[in-house]
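Hello,

Here is the structure I promised to pass on. Please have it open while you read; my notes follow below.

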Amino acid sequence: MGKFLPVHVDSGVDLNAFYTRGGGGEPPGLHFFHEAVTGRVYFSGESPDVACHEMGHGVLDAIRPQLFDAQTIEAAAFHESFGDMSALLSVLQVQSFGQALLNETGGTINHASRLSRLAEQLGAAIRVQHPDAVDRDCLRNACNSFFYRDPQTLPPSAPASQLSSEPHSFSRVFTGAFLDALAGIFRVQGKTPSPEGLVKASQELGQILVGGVLGAPVVPDYYSQVAAHMVQIADGAPFGRKYRDILKSCFVRRGILSLQAAATLSSVKRRIVGSSVRLERAGSEGRKLPTASISAAQYGLNRAALKVYTAGEPKRFAVTSSSLTLGPVEPRSPQNAAESYTEDLFQRGHVDVGAHAHRVAGLTHPFSFKTHMIVEENGELLLKRTTFDCGFDHKGN
Ligand SMILES: [Zn+2]
(Lines give C-alpha, C1' and ligand atoms only; values in the text may rest on other atoms or scores of the structure.)
Protein backbone atom coordinates (compact mmCIF):
# COMPACT_ATOMS: atom_id res chain seq x y z
CA MET A 1 0.00 0.00 0.00
CA GLY A 2 3.03 2.27 0.23
CA LYS A 3 4.14 4.60 2.94
CA PHE A 4 0.82 6.25 3.79
CA LEU A 5 -2.50 4.79 4.83
CA PRO A 6 -5.37 6.83 3.33
CA VAL A 7 -8.22 7.61 5.74
CA HIS A 8 -11.74 8.02 4.32
CA VAL A 9 -13.57 9.75 7.15
CA ASP A 10 -17.07 9.35 5.67
CA SER A 11 -17.56 6.64 3.06
CA GLY A 12 -21.36 6.71 3.21
CA VAL A 13 -24.35 5.50 5.20
CA ASP A 14 -23.73 2.55 7.52
CA LEU A 15 -22.87 1.71 11.11
CA ASN A 16 -19.53 0.44 9.96
CA ALA A 17 -15.79 0.90 9.56
CA PHE A 18 -13.26 -1.22 7.72
CA TYR A 19 -9.65 -1.61 6.63
CA THR A 20 -8.96 -2.63 3.06
CA ARG A 21 -5.93 -3.10 0.85
CA GLY A 22 -8.22 -2.24 -2.05
CA GLY A 23 -9.11 -4.66 -4.81
CA GLY A 24 -12.71 -5.18 -3.72
CA GLY A 25 -14.07 -2.04 -5.37
CA GLU A 26 -13.15 0.35 -2.53
CA PRO A 27 -10.00 2.48 -2.47
CA PRO A 28 -7.33 1.21 -0.03
CA GLY A 29 -7.09 2.52 3.53
CA LEU A 30 -9.36 3.03 6.52
CA HIS A 31 -13.05 3.69 5.86
CA PHE A 32 -15.54 5.20 8.29
CA PHE A 33 -19.29 5.79 7.89
CA HIS A 34 -22.27 7.63 9.35
CA GLU A 35 -25.89 6.73 9.97
CA ALA A 36 -28.89 8.29 11.69
CA VAL A 37 -30.44 6.11 14.41
CA THR A 38 -33.53 7.34 16.30
CA GLY A 39 -32.89 10.91 15.19
CA ARG A 40 -29.19 11.04 16.04
CA VAL A 41 -26.37 10.78 13.51
CA TYR A 42 -23.49 8.50 14.51
CA PHE A 43 -20.11 8.86 12.78
CA SER A 44 -17.99 5.75 13.36
CA GLY A 45 -14.78 7.74 12.76
CA GLU A 46 -15.62 10.02 15.69
CA SER A 47 -14.88 7.19 18.10
CA PRO A 48 -11.18 7.01 19.08
CA ASP A 49 -11.69 3.30 19.86
CA VAL A 50 -13.00 2.60 16.35
CA ALA A 51 -10.31 4.75 14.70
CA CYS A 52 -7.52 3.05 16.68
CA HIS A 53 -9.05 -0.38 15.99
CA GLU A 54 -8.94 0.24 12.23
CA MET A 55 -5.44 1.65 12.47
CA GLY A 56 -4.49 -1.52 14.36
CA HIS A 57 -5.56 -3.60 11.35
CA GLY A 58 -3.30 -1.45 9.18
CA VAL A 59 -0.32 -1.72 11.53
CA LEU A 60 -0.67 -5.49 11.88
CA ASP A 61 -0.96 -5.83 8.12
CA ALA A 62 2.28 -3.86 7.75
CA ILE A 63 4.27 -5.97 10.22
CA ARG A 64 2.74 -9.41 9.51
CA PRO A 65 1.11 -9.32 6.05
CA GLN A 66 0.76 -13.11 5.94
CA LEU A 67 -2.13 -12.88 8.43
CA PHE A 68 -4.28 -11.00 5.92
CA ASP A 69 -5.00 -14.00 3.73
CA ALA A 70 -4.41 -16.78 6.27
CA GLN A 71 -7.43 -18.99 5.93
CA THR A 72 -8.00 -19.85 9.57
CA ILE A 73 -10.34 -18.54 12.26
CA GLU A 74 -7.67 -17.69 14.83
CA ALA A 75 -5.65 -15.48 12.46
CA ALA A 76 -8.77 -13.48 11.55
CA ALA A 77 -9.84 -13.27 15.19
CA PHE A 78 -6.36 -12.16 16.23
CA HIS A 79 -6.53 -9.34 13.67
CA GLU A 80 -9.71 -8.13 15.37
CA SER A 81 -8.17 -8.49 18.81
CA PHE A 82 -5.09 -6.56 17.67
CA GLY A 83 -7.43 -3.71 16.65
CA ASP A 84 -9.01 -3.68 20.10
CA MET A 85 -5.63 -4.03 21.84
CA SER A 86 -4.40 -1.04 19.80
CA ALA A 87 -7.37 0.97 21.09
CA LEU A 88 -6.61 -0.04 24.71
CA LEU A 89 -2.94 0.91 24.43
CA SER A 90 -3.53 4.12 22.47
CA VAL A 91 -5.98 5.70 24.88
CA LEU A 92 -3.57 5.22 27.78
CA GLN A 93 -1.14 7.63 26.09
CA VAL A 94 -3.60 10.38 27.06
CA GLN A 95 -2.64 11.16 30.63
CA SER A 96 -5.92 12.86 31.56
CA PHE A 97 -7.69 9.66 30.51
CA GLY A 98 -5.24 7.66 32.63
CA GLN A 99 -6.06 9.77 35.69
CA ALA A 100 -9.80 9.35 35.09
CA LEU A 101 -9.26 5.59 34.78
CA LEU A 102 -7.37 5.47 38.07
CA ASN A 103 -10.16 7.43 39.77
CA GLU A 104 -12.76 5.06 38.33
CA THR A 105 -11.02 1.76 39.06
CA GLY A 106 -8.81 2.57 42.04
CA GLY A 107 -5.89 1.24 40.00
CA THR A 108 -7.32 -2.21 39.20
CA ILE A 109 -7.51 -1.52 35.49
CA ASN A 110 -8.93 -4.88 34.42
CA HIS A 111 -12.23 -3.99 36.07
CA ALA A 112 -15.01 -2.74 33.80
CA SER A 113 -14.29 0.90 33.00
CA ARG A 114 -14.09 3.49 30.26
CA LEU A 115 -10.93 1.62 29.19
CA SER A 116 -12.48 -1.83 28.89
CA ARG A 117 -15.72 -0.64 27.26
CA LEU A 118 -14.70 -0.43 23.62
CA ALA A 119 -16.71 1.79 21.24
CA GLU A 120 -19.55 2.69 23.61
CA GLN A 121 -21.21 5.13 21.21
CA LEU A 122 -21.23 2.83 18.20
CA GLY A 123 -22.34 -0.04 20.42
CA ALA A 124 -25.32 2.07 21.53
CA ALA A 125 -26.29 2.80 17.92
CA ILE A 126 -26.12 -0.87 16.87
CA ARG A 127 -27.98 -1.99 20.01
CA VAL A 128 -31.06 -0.01 18.95
CA GLN A 129 -31.50 -2.23 15.89
CA HIS A 130 -29.78 -5.43 17.05
CA PRO A 131 -29.98 -5.71 20.82
CA ASP A 132 -28.10 -8.99 21.12
CA ALA A 133 -25.33 -8.20 18.58
CA VAL A 134 -23.22 -6.12 21.00
CA ASP A 135 -22.47 -6.05 24.72
CA ARG A 136 -25.04 -4.31 26.92
CA ASP A 137 -22.71 -1.37 27.70
CA CYS A 138 -20.50 -1.01 24.60
CA LEU A 139 -19.52 -2.74 21.36
CA ARG A 140 -17.16 -5.22 23.05
CA ASN A 141 -16.07 -5.18 26.67
CA ALA A 142 -12.43 -6.26 27.14
CA CYS A 143 -13.35 -7.09 30.75
CA ASN A 144 -14.88 -10.51 30.11
CA SER A 145 -14.54 -14.10 31.29
CA PHE A 146 -14.45 -15.99 27.98
CA PHE A 147 -12.34 -19.16 28.08
CA TYR A 148 -10.57 -20.56 25.03
CA ARG A 149 -12.42 -23.13 22.95
CA ASP A 150 -11.32 -24.77 19.73
CA PRO A 151 -13.09 -22.26 17.43
CA GLN A 152 -13.99 -25.01 14.98
CA THR A 153 -16.32 -26.46 17.60
CA LEU A 154 -18.20 -23.15 18.00
CA PRO A 155 -21.25 -21.99 16.00
CA PRO A 156 -20.58 -19.46 13.19
CA SER A 157 -22.64 -16.80 14.99
CA ALA A 158 -24.08 -16.25 18.46
CA PRO A 159 -25.45 -13.45 20.68
CA ALA A 160 -22.77 -11.20 22.22
CA SER A 161 -23.11 -12.99 25.56
CA GLN A 162 -21.74 -16.19 24.01
CA LEU A 163 -18.64 -17.13 22.11
CA SER A 164 -18.83 -18.02 18.41
CA SER A 165 -16.26 -18.64 15.66
CA GLU A 166 -17.09 -15.22 14.16
CA PRO A 167 -13.73 -13.37 14.41
CA HIS A 168 -14.99 -10.37 16.45
CA SER A 169 -16.66 -12.71 18.90
CA PHE A 170 -13.66 -15.02 19.22
CA SER A 171 -11.24 -12.05 19.44
CA ARG A 172 -12.59 -11.37 22.94
CA VAL A 173 -10.73 -14.35 24.42
CA PHE A 174 -7.34 -12.87 23.52
CA THR A 175 -8.33 -9.27 24.31
CA GLY A 176 -9.57 -10.32 27.74
CA ALA A 177 -6.23 -11.97 28.54
CA PHE A 178 -4.43 -8.89 27.23
CA LEU A 179 -6.34 -6.52 29.55
CA ASP A 180 -5.50 -8.80 32.47
CA ALA A 181 -1.83 -8.73 31.42
CA LEU A 182 -1.91 -4.94 31.21
CA ALA A 183 -3.38 -4.73 34.71
CA GLY A 184 -0.77 -7.18 36.02
CA ILE A 185 2.18 -5.31 34.49
CA PHE A 186 0.86 -2.04 35.87
CA ARG A 187 0.49 -3.58 39.31
CA VAL A 188 3.90 -5.26 39.42
CA GLN A 189 5.59 -1.91 38.83
CA GLY A 190 4.99 -1.47 42.56
CA LYS A 191 4.82 2.30 42.48
CA THR A 192 2.00 4.60 43.48
CA PRO A 193 -0.53 4.24 40.64
CA SER A 194 -0.10 7.16 38.24
CA PRO A 195 -0.96 8.01 34.64
CA GLU A 196 2.78 7.89 33.89
CA GLY A 197 2.87 4.32 35.17
CA LEU A 198 -0.02 3.48 32.84
CA VAL A 199 1.90 4.91 29.89
CA LYS A 200 4.96 2.83 30.83
CA ALA A 201 2.92 -0.38 31.27
CA SER A 202 1.14 0.15 27.95
CA GLN A 203 4.37 0.79 26.08
CA GLU A 204 6.08 -2.26 27.57
CA LEU A 205 3.14 -4.55 26.84
CA GLY A 206 2.98 -3.06 23.33
CA GLN A 207 6.62 -4.03 22.80
CA ILE A 208 5.95 -7.54 24.10
CA LEU A 209 2.89 -7.88 21.85
CA VAL A 210 4.70 -6.79 18.70
CA GLY A 211 7.65 -9.04 19.55
CA GLY A 212 5.25 -11.95 19.97
CA VAL A 213 3.55 -11.22 16.64
CA LEU A 214 6.85 -11.02 14.77
CA GLY A 215 8.09 -14.26 16.29
CA ALA A 216 4.96 -16.40 16.12
CA PRO A 217 4.37 -18.60 13.05
CA VAL A 218 1.00 -18.38 11.31
CA VAL A 219 -0.63 -21.69 12.27
CA PRO A 220 -4.23 -22.80 12.97
CA ASP A 221 -3.69 -22.58 16.77
CA TYR A 222 -2.24 -19.10 16.41
CA TYR A 223 -3.34 -17.72 19.80
CA SER A 224 -1.15 -20.16 21.71
CA GLN A 225 1.84 -19.39 19.49
CA VAL A 226 1.54 -15.61 19.96
CA ALA A 227 1.11 -16.16 23.70
CA ALA A 228 4.18 -18.41 23.90
CA HIS A 229 6.30 -15.91 21.99
CA MET A 230 5.06 -13.05 24.20
CA VAL A 231 6.10 -15.05 27.28
CA GLN A 232 9.49 -15.61 25.68
CA ILE A 233 9.93 -11.88 25.00
CA ALA A 234 8.88 -11.06 28.58
CA ASP A 235 11.43 -13.60 29.81
CA GLY A 236 14.34 -11.71 28.28
CA ALA A 237 15.98 -8.31 28.27
CA PRO A 238 14.98 -5.59 28.92
CA PHE A 239 12.18 -7.01 31.04
CA GLY A 240 14.34 -9.29 33.17
CA ARG A 241 11.64 -11.88 33.74
CA LYS A 242 9.56 -9.56 35.88
CA TYR A 243 6.48 -9.91 33.67
CA ARG A 244 6.92 -13.53 32.62
CA ASP A 245 4.74 -15.06 35.31
CA ILE A 246 2.02 -12.44 34.83
CA LEU A 247 1.76 -13.26 31.14
CA LYS A 248 1.83 -17.01 31.71
CA SER A 249 -0.85 -16.71 34.35
CA CYS A 250 -3.13 -14.56 32.16
CA PHE A 251 -2.85 -16.92 29.19
CA VAL A 252 -3.27 -20.08 31.29
CA ARG A 253 -6.35 -18.72 33.08
CA ARG A 254 -7.96 -18.11 29.67
CA GLY A 255 -6.95 -21.50 28.34
CA ILE A 256 -4.93 -19.82 25.56
CA LEU A 257 -1.93 -21.72 26.89
CA SER A 258 -2.52 -25.14 28.39
CA LEU A 259 -0.88 -25.90 31.74
CA GLN A 260 1.38 -28.32 29.90
CA ALA A 261 2.38 -25.57 27.47
CA ALA A 262 3.18 -23.15 30.27
CA ALA A 263 5.33 -25.77 31.97
CA THR A 264 7.19 -26.43 28.70
CA LEU A 265 7.90 -22.74 28.26
CA SER A 266 9.61 -22.58 31.64
CA SER A 267 12.29 -24.89 30.37
CA VAL A 268 12.83 -23.15 27.04
CA LYS A 269 16.27 -21.62 27.01
CA ARG A 270 16.19 -17.89 26.82
CA ARG A 271 17.06 -16.79 23.34
CA ILE A 272 16.64 -13.06 23.65
CA VAL A 273 19.86 -11.37 24.67
CA GLY A 274 21.17 -7.85 24.67
CA SER A 275 19.79 -4.64 26.03
CA SER A 276 16.70 -4.33 23.85
CA VAL A 277 13.96 -6.53 22.51
CA ARG A 278 15.07 -8.16 19.32
CA LEU A 279 12.12 -8.22 17.00
CA GLU A 280 12.42 -11.49 15.21
CA ARG A 281 10.62 -12.00 11.96
CA ALA A 282 9.58 -15.61 11.61
CA GLY A 283 7.91 -14.84 8.29
CA SER A 284 9.83 -12.32 6.24
CA GLU A 285 7.71 -9.64 4.62
CA GLY A 286 7.87 -11.05 1.13
CA ARG A 287 7.14 -14.64 2.07
CA LYS A 288 3.70 -15.89 1.19
CA LEU A 289 1.81 -18.58 3.01
CA PRO A 290 1.53 -21.99 1.36
CA THR A 291 -1.64 -22.72 -0.60
CA ALA A 292 -3.86 -25.78 -0.69
CA SER A 293 -6.84 -26.88 -2.75
CA ILE A 294 -10.13 -27.53 -1.01
CA SER A 295 -13.31 -28.94 -2.46
CA ALA A 296 -15.56 -26.19 -3.84
CA ALA A 297 -18.59 -28.36 -4.53
CA GLN A 298 -20.57 -27.16 -1.51
CA TYR A 299 -19.94 -23.46 -2.24
CA GLY A 300 -21.87 -23.33 -5.50
CA LEU A 301 -18.85 -22.45 -7.64
CA ASN A 302 -18.43 -23.45 -11.24
CA ARG A 303 -15.22 -25.39 -10.46
CA ALA A 304 -14.51 -28.45 -8.37
CA ALA A 305 -11.61 -26.95 -6.38
CA LEU A 306 -10.77 -23.68 -4.68
CA LYS A 307 -7.23 -22.62 -3.79
CA VAL A 308 -6.71 -20.95 -0.39
CA TYR A 309 -3.76 -19.67 1.67
CA THR A 310 -3.20 -21.96 4.63
CA ALA A 311 -1.75 -21.27 8.06
CA GLY A 312 1.15 -23.63 7.47
CA GLU A 313 4.30 -21.96 8.81
CA PRO A 314 6.65 -24.13 10.91
CA LYS A 315 6.38 -23.90 14.70
CA ARG A 316 9.27 -23.24 17.09
CA PHE A 317 7.37 -24.03 20.26
CA ALA A 318 5.32 -27.20 20.53
CA VAL A 319 2.63 -25.56 22.65
CA THR A 320 -1.15 -25.61 22.37
CA SER A 321 -4.20 -24.21 24.07
CA SER A 322 -6.29 -25.92 26.70
CA SER A 323 -9.12 -28.26 25.82
CA LEU A 324 -12.29 -28.19 27.88
CA THR A 325 -11.58 -31.72 28.98
CA LEU A 326 -8.33 -32.89 30.54
CA GLY A 327 -5.11 -31.60 28.94
CA PRO A 328 -4.20 -29.64 25.84
CA VAL A 329 -6.26 -29.38 22.68
CA GLU A 330 -5.19 -31.39 19.63
CA PRO A 331 -4.07 -28.88 16.95
CA ARG A 332 -5.95 -28.84 13.65
CA SER A 333 -4.11 -29.29 10.37
CA PRO A 334 -3.73 -26.18 8.17
CA GLN A 335 -5.95 -27.84 5.56
CA ASN A 336 -8.69 -28.67 8.05
CA ALA A 337 -8.57 -25.14 9.55
CA ALA A 338 -8.84 -23.65 6.06
CA GLU A 339 -11.86 -25.77 5.19
CA SER A 340 -13.61 -24.77 8.41
CA TYR A 341 -13.00 -21.02 8.05
CA THR A 342 -13.94 -21.09 4.37
CA GLU A 343 -17.24 -22.73 5.27
CA ASP A 344 -17.89 -20.00 7.87
CA LEU A 345 -17.21 -17.28 5.27
CA PHE A 346 -19.59 -18.78 2.74
CA GLN A 347 -22.27 -19.37 5.39
CA ARG A 348 -22.11 -15.71 6.44
CA GLY A 349 -22.16 -14.59 2.80
CA HIS A 350 -18.83 -12.75 2.98
CA VAL A 351 -17.39 -14.06 -0.31
CA ASP A 352 -17.88 -12.19 -3.58
CA VAL A 353 -17.99 -15.08 -6.05
CA GLY A 354 -18.32 -12.75 -9.05
CA ALA A 355 -18.75 -14.64 -12.29
CA HIS A 356 -17.62 -17.91 -10.72
CA ALA A 357 -21.01 -18.91 -9.26
CA HIS A 358 -22.54 -22.09 -10.62
CA ARG A 359 -25.50 -21.33 -12.89
CA VAL A 360 -27.90 -23.41 -10.78
CA ALA A 361 -26.19 -24.19 -7.47
CA GLY A 362 -24.70 -20.73 -6.91
CA LEU A 363 -25.43 -18.85 -3.67
CA THR A 364 -24.52 -15.16 -3.70
CA HIS A 365 -26.03 -13.56 -0.50
CA PRO A 366 -26.74 -10.28 -2.36
CA PHE A 367 -26.96 -8.00 0.72
CA SER A 368 -24.06 -9.25 2.84
CA PHE A 369 -20.84 -7.28 3.21
CA LYS A 370 -18.03 -8.94 1.26
CA THR A 371 -14.60 -9.35 2.83
CA HIS A 372 -13.25 -11.93 0.38
CA MET A 373 -13.38 -12.46 -3.36
CA ILE A 374 -12.76 -15.28 -5.81
CA VAL A 375 -10.22 -14.52 -8.50
CA GLU A 376 -8.92 -16.65 -11.32
CA GLU A 377 -5.16 -17.15 -11.28
CA ASN A 378 -3.31 -19.44 -13.68
CA GLY A 379 -6.54 -21.22 -14.55
CA GLU A 380 -7.43 -21.91 -10.90
CA LEU A 381 -9.90 -20.21 -8.56
CA LEU A 382 -8.21 -18.50 -5.60
CA LEU A 383 -9.89 -17.14 -2.46
CA LYS A 384 -8.44 -13.74 -1.48
CA ARG A 385 -9.24 -11.32 1.33
CA THR A 386 -9.93 -7.71 0.39
CA THR A 387 -11.12 -6.23 3.68
CA PHE A 388 -11.26 -6.56 7.45
CA ASP A 389 -14.83 -5.45 8.08
CA CYS A 390 -15.42 -4.36 11.60
CA GLY A 391 -18.57 -6.23 12.15
CA PHE A 392 -21.26 -3.62 12.13
CA ASP A 393 -22.70 -5.01 8.90
CA HIS A 394 -26.35 -5.06 9.79
CA LYS A 395 -27.68 -4.63 6.28
CA GLY A 396 -27.10 -8.26 5.40
CA ASN A 397 -29.04 -9.44 8.42
ZN1 LIG B 1 -11.83 -4.97 12.81
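Start with the overall layout. The C-alpha centres of domain 1 and domain 2 lie 24 Å apart. Keep in mind that this is a predicted model. The domain assignment puts domain 1 at residues 7-266. Domain 2 covers 291-389.

Next, the contact between the two. On one side, 40 residues of domain 1 take part; they are in contact with 38 residues of domain 2. Several elements of domain 1 each supply at least two residues to the side that touches domain 2. They are strand S2 (17-20), helix H2 (66-69), helix H3 (73-91), helix H8 (222-234) and helix H10 (259-266). H8 gives the largest share of that side, with five residues. By class, the side of domain 1 that touches domain 2 holds 20 nonpolar residues, 15 polar ones and five charged ones.

Asp352 sits in strand S10, which spans residues 351-352. Is Asp352 buried or exposed? Asp352 has 21 C-beta neighbours inside 10 Å, and the cut-off for buried is 20 or more. Asp352 therefore counts as buried.

What is Asp352 in contact with, leaving aside its neighbours within four places in sequence? The contacts are Gly24, Lys370, His372 and Met373. Ile374 is also worth checking on your screen. Ile374 lies 22 residues from Asp352 along the chain, yet their C-alpha atoms are separated by 6.4 Å.

That is what I have for now.

Best wishes

Notes: Residues are numbered from 1 along each chain as its sequence is written. This is a predicted model: local features need pLDDT of at least 70, side-chain atom pairs count only at pLDDT 80 or more; totals for chains, interfaces and linings use all residues. Domain bounds come from an automatic or database domain assignment. Two residues are in contact if their C-beta atoms, placed from the backbone, lie within 7 Å. Helices (H or I, at least four residues) and strands (E, at least two) are DSSP runs, numbered from the N terminus. Ala, Val, Leu, Ile, Met, Phe, Trp, Tyr, Cys and Pro count as nonpolar, Asp, Glu, Lys and Arg as charged, and the others, Gly among them, as polar. A residue is buried if 20 or more other C-beta atoms lie within 10 Å of its own, exposed if 12 or fewer, and partly exposed in between; C-beta atoms are placed from the backbone.
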